Amino acid sequence: MSKIILTGDRPTGHLHVGHFVGSLQERVLLQDSGKFDELYFMIADAQALRDLNTITHSAVRQEVERRLEEAPPLAAIDAIGLFESGLNRLCDLTVAVTAPEEVRVQRLVQRDGISPEYARSRIAAQPSAQWFAERCDAVLENNGTAEEFRKKSIAFLDSHGIIKTVCSG
């Protein structure tokens, strides 16, 4: 018989990062204990989730801005909540990387060792590929091998003048 745990957090009182740091530390210990086959964690309060997003989006934005002050020749921001946090306004170009749902399910199952059903539920909880396509300047579909996507990405960056590839003949 599988051992499965579902647990949620609902802070009492005014929300602050300490609520989640303390709670998450306990969840990591539980995960690392090896006592359960599957663990599911959630924030059981919609307002608490919005508050947490406000806190984390602010912290992520500050860190991104700090790093951009170093004026790197090229910077990429891979951030959950890119549009919700307003980080997209720091970008010259936004690119959605999409893949067919079944490819995403397979990759999640292989990478995270989860069931296909749980992988589908995680995907269903995210905005759709169409949502990203409507907001981004470009879309790259990652539906092949890692090497195929690497080549597709380099060609995309080259075609947009972001990098210059050199062909040897």
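**View 1. Strand β2 and the second largest pocket.** Strand β2, residues 38–43, supplies four residues to the lining of the second largest pocket, the most of any contributor. Strands here are DSSP E runs of at least two residues and helices are H or I runs of at least four, numbered from the N terminus. This is a predicted model, where local features need pLDDT of at least 70 and side-chain atom pairs pLDDT 80 or more, while totals for chains, interfaces and linings use all residues. Residues are numbered from 1 along each chain, and side-chain values use heavy atoms, without hydrogens or water.

The pocket holds about 210 Å³ of space. Eleven residues line it, and D37, E38, L39, I114 and Y118 come closest to its centre. A pocket is an open set of points on a 1 Å grid over the protein atoms alone, where a 1.4 Å probe fits, with protein on both sides within 12 Å along at least five of seven lines; lining residues have an atom within 4 Å of a point.

**View 2. T94 in its loop.** T94 sits between α2 (46–69) and β3 (95–98). With a relative accessible area of 6%, T94 is buried (under 20%, 1.4 Å probe, protein chains only). Beyond four places in sequence, T94 touches L82, F83, N88, R135, C136, D137 and A138 (heavy atoms within 4.5 Å).

**View 3. The largest nonpolar core.** Here you can find V64, A79, L82, F83, L87, A96 and C136. Such a core joins buried Ala, Val, Leu, Ile, Met, Phe, Trp, Tyr and Cys residues through side-chain atoms within 4.5 Å. Another core, of five residues, lies apart from it and includes V105, L108, A119 and I123.

Terms used: Points joined across faces, edges and corners; volume = space filled by probe spheres on them. Buried < 20%, exposed > 50% of the residue type's maximum accessible area, 1.4 Å probe, protein only.
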